[in-house]
Amino acid sequence: MINVAGVVSIILFYALILVVGIWAGRKKQAGNDSEEEVMLAGRSIGLFVGIFTMTATWVGGGYINGTAEAIYTSGLVWCQAPFGYALSLVFGGIFFANPMRKQGYITMLDPLQDSFGERMGGLLFLPALCGEVFWAAGILAALGATLSVIIDMDHRTSVILSSGIAIFYTLFGGLYSVAYTDVIQLFCIFIGLWMCIPFAWSNEHVKSLGDMDVDWIGHVEPKQRWFYIDYGLLLVFGGIPWQVYFQRVLSSKTAGRAQLLSYVAAAGCILMAIPPVLIGAIAKATPWNETEYKGPYPLTVDQTSMILPMVLQYLTPDFVSFFGLGAVSAAVMSSADSSVLSAASMFARNVYKLIFRQKASEMEIIWVMRVAIIIVGILATIMALTIPSIYGLWSMCSDLVYVILFPQLLMVVHFKKHCNTYGSLAAYIVALFIRLSGGEALLGLPALIHYPGYDEETGTQLFPFRTMAMLMSLITLIFVSWWTKMMFESGKLPPSYDYFRCVVNIPEDVQRVGDPAESGEQLSVMAGPLARSYGAATMAGKDERNGRINPALESDDDLPVAEARRMNQETAQFQVKKMLDTATGKPGGGGGQSQSMAMPTTEQDNTAF
């Protein structure tokens with residue numbers, strides 16, 4: 001029989017989230033439907049909201065449910081996600097947040113398309129898209145199972161209701177709604193779970209956590225050490241190349257603030273993991289056959305995946321479990337809305353605009369993004385209701401993000417003069433083959449190659465083949481890029497063979513956007529109509545250009561908009577005057593500046609297709 005009180009509490013909570021989402025959407029500037037305004041909240045996310053929404057990058061439904069499950073099934077030492085994702089935020093802040101935000105990109109795929117061309121960027125979009133969609137689907141499925149346990153609600157109803165609300169307020173307010181609802185949702189998660197812990201811990205059926213029979217710490221077998229390290233590295237470095245992270249980075253007011261938010265959010269990830277860790281330990285210390293639980297004991301895989309809602313249901317009073325249920329629902333919606341927005345943003349900008357409709361207006365792109373939000377949300381909902389192995393699909397996609405996207409993003413952000421489209425495509429193929437050859441037990445995909453230490457009984461690869469695939473992909477990218485560049489520049493291969501047009505056969509209307517000038521002058525794209533521009537970071541007009549940061553002017557104290565525009569105009573006028581003086585032979589023109597008007601050389605960045 002359906003629990004009426006539980007349904008009422010869920011409706012009230014969802015109403016709160018919906019109201020906050022709609023209110024936040026009204027913060028968007030009236031009449032301003034630019035990409036930056038909708039996808040990145042006008043790059044105006046403040047420090048307080050920024051901390052919460054950056055923490056919500058990983059703290060969601062899968063995070064709290066998975067943490068509790070890991071503690072129950074394997075122990076604390078195998079609960080790698082909180083520490084792994086916290087470190088991914090730290091490394092993301094150190095190595096990626098500053099250069100990505102300074103360049104004024106809109107999505108994570110922008111630098112990849114800037115260096116490898118639109119079509120190769122579209123290919124790199126596939127693992128990113130699948131990862132976001134399957135992640136949203138997986139946590140929606142988990143929510144359906146949770147509500148069916150606690151309030152006996154049909155899981156289809158709960159999944160459709162939750163995804164519908166998340167889609168609606170994301171459609172209405174973009175990143176504004178996602179960011180401000182993250183604040184409410186993280187408060188609900190933290191308070192709701194902490195409220196449940198004292199009641200669950202003091203339940204008469206729960207043994208002492210110090211009891212010798214209760215091993216909630218766990219241990220790592222010697223033969224599993226490389227497997228353990230492999231998964232740790234997957235979480236740390238595979239947690240960086242996700243649009244859900246970079247949409248928060250790129251929405252920050254300054255590059256320095258983007259770094260600060262990453263570091264604070266890392267601490268937030270650890271802090272938010274404490275309640276589910278304790279709940280998992282309490283579940284481990286509970287003989288479930290002595291409670292009101294009537295299912296199989298010892299618990300099967302289906303039950304352990306719902307260990308957190310089971311603690312709420314059987315070890316706490318009804319009124320307390322409803323608060324915990326609100327926390328779980330909040331966590332799921334916090335993850336689902338950002339994943340849907342991320343996938344839709346990348347499609348609208350990096351696929352529709354940069355591949356098919358390069359002259360599309362801002363309003364057209366925004367409407368395409370809104371339609372994509374609906375489609376992605378519907379896809380995630382259908383998958384959550386129909387695919388039993390949805391977590392296996394997400395696990396495979398997260399592996400592909402690690403082995404394919406991480407090495408390529410690392411190269412284009414820090415070493416883009418040493419990679420080109422030939423290397424990118426070769427690295428993509430190598431990484432995909434090595435990862436698929438290792439198999440995936442959750443999908444029933446057999447291993448084509450049995451690496452050293454392969455466990456025949458469980459079908460588990462104990463060899464760190466994921467990290468090997470990532471390193472092989474990185475080496476392939478560097479070597480093939482170097483080899484093709486050497487072959488074309490030495491004349492051993494004629495320019496007509498440069499099919500990707502990224503080494504010597506570069507079109508005349510293409511000019512690459514370089515790094516910010518060391519002297520602190522604004523990028524040449526700011527100099528006005530005399531300089532042609534190309535690339536994902538420079539194709540959408542003034543809003544994106546204003547997203548770039550002059551390294552000489554950047555500080556954590558926000559520069560007034562009018563002052564920044566005045567200084568940009570002065571810099572642009574000065575650059576134009578220099579180039580005109582050089583062209584007419586007037587003194588003071590300085591020969592060095594004329595190079596910005598020249599054709600690209602082989603030392604410039606590479607584009608393709």
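Q: In this predicted model, is Met 195 buried, exposed or partly exposed?
A: Buried means under 20% relative accessible area, and exposed means over 50%. Met 195 has a relative accessible area of 29%, so Met 195 is partly exposed. This residue is located in helix α9, residues 175–201.

Q: Which residues does Met 195 touch, leaving aside those up to four places away in sequence?
A: Contact means heavy atoms within 4.5 Å. By that criterion Met 195 touches Val 320 and Phe 323.

Q: How far apart are Met 195 and Pro 275 in sequence and in space?
A: They are separated by 80 residues in sequence, yet their C-alpha atoms are 9.6 Å apart in space. Pro 275 also brings us to α12, where a kink of about 30° lies at Ile 274, shortly before this proline.

Q: What is the reach of α12 from its first C-alpha to its last, and how does it stand against the span expected at 1.5 Å a residue?
A: Helix α12 covers residues 255–284, which number 30, and reaches 44 Å; this is close to the expected 44 Å.

Q: How are α5 and α12 oriented towards each other, parallel or antiparallel?
A: An angle over 145 degrees counts as roughly antiparallel. The axes of α5 (residues 81–102) and α12 come within 8 Å and cross at roughly 170°. The two helices are therefore roughly antiparallel to each other. Among the residues that make the contact are Phe 83, Leu 89 and Ile 94 of α5, together with Tyr 263, Cys 269 and Ile 270 of α12. The contact residues divide into 15 nonpolar, four polar and two charged.

Q: At what angle do the axes of α4 and α14 cross?
A: Angles of 65 to 115 degrees count as roughly perpendicular. The axes of α4 (residues 61–73) and α14 (residues 307–314) cross at roughly 85° and come within 7 Å, and the helices are therefore roughly perpendicular to each other. Ile 64, Asn 65, Ala 68, Glu 69 and Tyr 72 of α4 meet Ile 307, Leu 308 and Pro 309 of α14. Six of these residues are nonpolar, one is polar and one is charged.

Terms used: Residues numbered from 1 in each chain as written. Predicted model: local features only at pLDDT ≥ 70, side-chain atom pairs only at ≥ 80, totals over all residues. Heavy atoms only, no water. Helix = DSSP H or I, 4+ residues; strand = E, 2+ residues; numbered from the N terminus. Expected span 1.5 Å × (residues − 1). Bend = angle between axes of the 7 residues up to and from the residue. Axes fitted to C-alpha atoms, helices over the stretch in contact; angles between N-to-C directions. Parallel < 35°, antiparallel > 145°, perpendicular 65-115°, else oblique. Nonpolar A, V, L, I, M, F, W, Y, C, P; charged D, E, K, R; others polar. Buried < 20%, exposed > 50% of the residue type's maximum accessible area, 1.4 Å probe, protein only.
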